[in-house]
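Reader: Let's walk through this one together. Can you start with a charged residue and take it from there?

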Amino acid sequence: MRKRRAYILTVSFPLFIILIFSFVLIFFTPEKNTLKNNNFAYAQNKTLPITNNWGQVALQRSIAPILGLPPVLHPKDNLPTTDKIKLGRKLFFDRRLSINGTMSCAMCHVPEQGFTSHEVETAVGVEGRTGRRNSPTILNTYLYKHLFVDGRDHSLETQYINPLTARNEMANPSAGHVIHLLKTFPDYKGLFENAFGAPPSLDTVGKAFAAYQRTLIAGNSRFDRWHYGKDQQALSPSEQRGFQIFIGKGNCVSCHLIEETHAKFTDNQFHDIGYGWWREQQRQNPLPTTRVELAPGVFVDVAEEIIAAVGTKIEADLGRYEVTEKPNDRWKFRTPSLRNLSLTPPYMHDGKFATIRDVLKFYNRGGQPHKAMDPRIKPLNLTSVELDDLENFLKTLNSQVIEQLIKEARSSPPDNF
C-alpha cells in the first residue's frame, strides 16, 4: 500500500535524495564498435550494443515498422534526424533547465523505472514541491492524440512548456527564460544550429524534445509475437486465458483497443470510471490516520493532523473538466495505454494503486459507483484464478527493447553532472 508519502517532508526528502543520486550513476561504458546494418533488429525492437552512433539506432527505430504498433507519424516540419534526437536527449537530462538547477525531465521520468517514477505516488518537483498526479511513462507517447491525463495539450512539440513553467515541477518564470538560459550555455553552442539551422527558440526546443520522445518506442511484446506474429508458443495457457477475459468477460478491450494490424491499448478518449470521484470524496473526508511507507515494507500510521501541519494541502483534481470546464467532464481522465504496464507502477492518475492487482480489484468490484460513471464499469465477478490469468496476460505487454532505451538514455553523463 502506498500513501501520501510525498506530503511529509521527513519521508519525502530521503526518497528525493535517493532519486537524485540514482540519476547520476553511469551504468555502462559506450562500446567502440560501429553499427552496420541492423534493420532487422530495429524492426524487432531488439537490444543493440551502444556506440557513439546510438542516435542512428534511435532514428531507425522511429521510422522502422515495429510489430504490434502503428507507424510513427512524424510532423512534416519536424522530420527526425540524429542531431535532433541527441539534442532532445541532452535537454531531457539537463537539470539547469529548472529554476534552481536541481531538476531535469529525467528525474520524474526515470529510464530504469519505465520512464516514470516508482518511489512516489505523485511527482516531486523543485524543493520537494508535490504535484497532484503520478508521473506518466513517456514510452509510446506518440500513440496519444491528447497529452497529459486531462488532455490539455495536443503535440509533443508544445507539451514541454507546462512542466518547465509549473510551479510544482521545474518552476521557471517563463519558457522564454529557459530559451535565454540555453543561449548562454557554452555546451549548447552550435547544437541547435546543426539540428535546425536556427538558434534555441520555443519552436526548436519543442522539436528537439519531441524528436527524442518519438524514439521511445516499445513494441514487439510477447503478446505481439503471439497475436500478430502468430507464434503460438509466445504465451502460456494462463496468459491466453487472460487474453480471453480481456476481450470477453472483463470487457477491457472496449477502452483498451486491439485492432487488426496493431494494438494501442487505448481509445484516446476520456472516461469517468468512478475513481476520480471516489478520490475526491476521500480528500473531503480524510481518514483519521494515513499509512506511510518509510522504507520498502516498513509502514507507520500517521495522524491526519500531523500531516496537515507539515504537508501540502491536497488539491481537488477534476480531470478533463479543468481543460473544458464542461460539467459532464468532471472526473474524466484519458484512457492510458496498457503497454509495458508492469514496468510503470504506481497506477491511476494519482498513483494510489501500487500493483496491477490493486487496479484489477477496483474494476472487479465495479469501480466506485456514482451517478455520472461510465455505464461500462460494473462488477465483473472474476474469480481469483481469473484475476491471476488476467494479470498474467497484462504482463505479456512488456517490450524487450526497454534495456536498449535505457542504454541510449545513459549514453553520456547528464549535464552539470
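Author: Asp317 has a relative accessible area of 10%, so Asp317 is buried. Buried means under 20% relative accessible area, exposed over 50%, and partly exposed in between (1.4 Å probe, protein chains only).

Reader: Before we go on, what kind of model is this?

Author: This is a predicted model: local features need pLDDT of at least 70, side-chain atom pairs count only at pLDDT 80 or more, and totals for chains, interfaces and linings use all residues. Residues are numbered from 1 along each chain as its sequence is written, and side-chain values use heavy atoms, with hydrogens and water left out.

Reader: Fine. Which residue forms a salt bridge with Asp317?

Author: Arg133 does, with the closest N and O atoms 2.7 Å apart. A salt bridge here is a side-chain nitrogen of Lys or Arg within 4 Å of a carboxyl oxygen of Asp or Glu.

Reader: Where do Arg133 and Asp317 lie?

Author: Arg133 lies in the loop between helix 4 and helix 5 (161-165), and Asp317 in the loop between helix 12 (304-310) and helix 13 (321-324), so the pair ties together parts that are 184 residues apart in sequence. Helices are DSSP runs (H or I, at least four residues), as are strands (E, at least two), numbered from the N terminus.

Reader: Is Arg133 buried or exposed?

Author: Buried, with a relative accessible area of 12%.

Reader: What network of salt bridges is Arg133 linked in?

Author: The network links Arg132, Arg133, Asp150, Arg152, Asp317 and Glu322.

Reader: And how many salt bridges in the whole structure?

Author: The search finds 27. One of them joins the side chains of Asp187 and Lys90, at 3.0 Å, N to O. Asp187 is in the loop between helix 6 (175-184) and helix 7 (191-196), while Lys90 is in helix 4 (residues 82-92), so this pair links distant parts of the chain, 97 residues apart.

Reader: How does accessibility class Asp187 and Lys90?

Author: Asp187 is partly exposed at 30% relative accessibility. Lys90 counts as buried at 13%.

Reader: What about Lys332 and Asp329?

Author: Their side chains meet in a salt bridge too, at 3.8 Å, N to O. Lys332 is partly exposed at 23%, and Asp329 is buried at 12%.

Reader: Switching to helix 10. Which of its residues are buried?

Author: In helix 10 (residues 237-247), they are Ser238, Glu239, Gly242, Phe243, Ile245 and Phe246. They cover an arc of only 160 degrees around the axis, which puts them on the same side of helix 10. The arc is that of the directions from the helix axis to the C-beta atoms.

Reader: What covers them?

Author: The cover includes helix 9 (222-227) and helix 15 (384-394). Contact means heavy atoms within 4.5 Å.

Reader: Now rings. How many aromatic pairs?

Author: The count is 22. Rings of Phe, Tyr and Trp (its six-membered ring) pair if their centres lie within 6.5 Å; planes under 30 degrees apart count as stacked, over 60 as edge-to-face and the rest as tilted. Phe246 and Phe265 have ring centres 5.9 Å apart and planes at 70 degrees, so the pair is edge-to-face.

Reader: Where is Phe265?

Author: Phe265 is in the loop between helix 10 and strand 1 (270-271), 19 residues apart from Phe246. Phe246 is buried at 0% relative accessible area, and Phe265 is buried at 0% as well.

Reader: Which cluster do ring pairs make?

Author: They link Phe223, Trp226, Tyr228, Phe243, Phe246, Phe265 and Phe393.
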